[in-house]
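Have the model open as you read.

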Amino acid sequence: MTNVGSLDAAREAAKPERRGWKELYLKEDWWAVWLGLALMVFAILLFQAGCSNIVKALAINPGGLKWNSLGQLADYFAQNAQLYLYQFLFWLVLFGATTAIMGVKLKEFVPAFIFLYVGSLIMFAIAGWANAAQFNLEAPLVALILGLIIANVFRLPAWMDSAFRVEYYIKTGIVLLGATFPITLVLTAGPVAIVQATIISLVTCLVIYFVGTRLFGLEKPLAAVIGVGGAVCGVSASMAIAASVNAKKDHLYTSITLVVGWALIMILVLPFVSRALGLPAGVAGAWIGTSEFADAAGFAAATTYGKMVGNEDAAIKSFTLMKVIGRDLWIGVWSVVFAGIATFVWEKGQSGRVPDAREIWWRFPKFVVGFFAASILMSAFTSGFNAPDFNTAVRPNVIAPLVSLRTWTFIFCFLSIGLTTRFRDLHIVGWKAFWTFSIGVAVNVVLGYVLSVIVFGDYWAGIH
Amino acid sequence: MLKQQAKAKSQFNLIPFRFSAAASGVTRCAACRFFTGAPAALERAIPGLNILSSAFGSVRADTGLCERHGVFTTARGAFCPQFEDGGG
């Protein structure tokens, strides 16, 4: 009788926790949704009240200054010091309060965010130099490289990571991006992106898994963890799969090292290779979206290439369609698939863990919901304006400030990538795992090129 | 009833675990002292996790680290003979 009672209790224990409402204020995905949508509604309400100067002031950045001398730059900051102070407080309150609710210590966040904000301002200023383009001083690259130098030459205290929240900033930026993304484009381009992402996700994951297990004899959970990391969205996907296959701590360390290493290489290589090949911005964005592993790293590469060729919008749009709408949706699916394989094939029922289709939603990157919501709401709002009114009133007073706010979140993100990447913290990986993942990367890049440039090239080139 | 008990015993042998003295009589990894599930603690426990990812994201869901076995599992995992109540 005891055993029957125990089994009932076991079944009870195996049920998922009550998640529901708490996730809405404890997960950064949801906060990115709330912040992004709130900023969009704020901009629209101010526009309707005839007070758009407020949001335009908060969205100020020196990226487009084109200064020629340090004196000119100093004069600019002297004239706008008050606006930058307001802007700093604006970001500090938004990100400080929300991360505090999620459990980050405010006493650590505030000083670290001051450092991040000032650093981001310097990155914008460098990118705003009149000759910056000649030296490839694109803001994402400058932020990444200077961040890497600071993090690895000087020992910043680990608590400063409290404000270097790479994922939170990029997710907020993606929701803001949705506000400038016509829903018609999502609906027309989405299916192509999903088809391409499905091919890439399946092929890359299976290549890494089978090369790892059959050719190099890797443990199956390790092959699964790095396979999904390479095929979907890097360490986040590896983390999602880790619980499904009971991966060891070392497996995730391996994934972190491989993903971070290759993602950084891709940020530096893909934009320059795309330029050498003369790819249109939309095509390069799709290729980067197919070949990069993490959203943040991919946005850095796509933004860099967009700035290089003077068409940032197209590169970011096609990247977003490919990576965020196409590949990221696969996380939950792989999680369930590998839970099933681990339970019914590897362990033959010994683990007691059963795959649960609800994982697809639990592990769904919720900021994508915000991206769609922002796109739909802004498309509905702008549909009430004719083209001349849109270009003379809505674009400069609503869209442009939102683009600038998004650019700020992206710079926070790119600088945070550099500042959190301390090579001494990364674990050394075995050569078998290294070659397994590297073969997957090669397949990913080549197949991504074929799909983005040859198969769907005309389509991606049409993205503006 | 006997058949049900026999079936239960069979499954119990395959999945050994014990229950804590918690009022509910139910154990979860979330309640175990070896389980790290809080996002900030998880990021401290896994250096590099926050570079291109985050423990605060939806994708992680309730995945955490079992320090006893050095493996990742979900907070709702329950089948563990080494469960020790963490008072949570």
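## Helices that cross

Helix α5 (residues 70-102) and helix α6 (residues 106-127) of chain A have axes that come within 10 Å and cross at roughly 140°. Axes here are lines fitted to C-alpha atoms, for helices over the stretch in contact, with angles from 0 to 180 degrees between N-to-C directions. The contact draws on Leu73(A), Phe88(A), Trp91(A), Leu92(A), Phe95(A), Gly96(A), Thr99(A) and Ala100(A) from α5(A), and on Leu106(A), Phe109(A), Val110(A), Phe113(A), Tyr117(A) and Ala125(A) from α6(A). Being in contact takes C-beta atoms, placed from the backbone, within 7 Å. Those residues split into 12 nonpolar, two polar and no charged; Ala, Val, Leu, Ile, Met, Phe, Trp, Tyr, Cys and Pro count as nonpolar, Asp, Glu, Lys and Arg as charged, and the others, Gly among them, as polar.

A word on ground rules: this is a predicted model, where local features need pLDDT of at least 70 and side-chain atom pairs count only at pLDDT 80 or more, while totals for chains, interfaces and linings use all residues. Residues are numbered from 1 along each chain as its sequence is written, and chains are lettered from A and ligands numbered from 1 in the order in which they are written. Helices (H or I, at least four residues) and strands (E, at least two) are DSSP runs, numbered from the N terminus.

Further along chain A, how far apart are the end C-alpha atoms of helix α19 (residues 431-455)? They sit 34 Å apart, which agrees with the 36 Å that 25 residues should span at 1.5 Å a residue, the expected span being 1.5 Å times one less than the number of residues. Buried residues of α19(A) include Phe437(A), Val441(A), Val445(A) and Tyr449(A), and the buried set packs against α9 (183-215), α10 (220-244), α11 (249-277), α12 (281-291) and α20 (457-461) of chain A. Buried means 20 or more other C-beta atoms within 10 Å of a residue's own, exposed means 12 or fewer, and partly exposed is in between.

## The sheet in chain B

Chain B has two helices and three strands, running α-β-α-β-β along the sequence. Its strands form an open antiparallel sheet in the order β1-β2-β3, with β1 (35-36) and β3 (71-74) as the edges. Strands pair if DSSP finds at least two bridges between them.

| Strand pair | Bridges | Example partners |
|---|---|---|
| β1(B) and β2(B) | two | Phe35(B) and Cys66(B) |
| β2(B) and β3(B) | four | Gly64(B) and Thr73(B) |

The β2(B)-β3(B) hairpin has four residues between its strands, and there Gly70(B) takes a positive phi near 65°. On β3(B), Val71(B) and Thr73(B) point one way, Phe72(B) and Thr74(B) the other, and all are buried. In chain B, buried residues make up 43% of the 88 residues.

Ala32(A), in helix α3 (residues 28-48), is buried because it has 30 C-beta neighbours inside 10 Å. Gly370(A) is 338 residues away in sequence, yet its C-alpha lies 7.7 Å from that of Ala32(A). Beyond neighbours within four places in sequence, the contacts of Ala32(A) include Tyr168(A), Val175(A) and Phe367(A).

Glu23(A) belongs to helix α2 (residues 23-26) and counts as partly exposed because it has 15 such neighbours inside 10 Å. Its C-alpha is 36 Å from that of Thr213(A), 190 residues along the chain.

Methods: Two residues are in contact if their C-beta atoms, placed from the backbone, lie within 7 Å.
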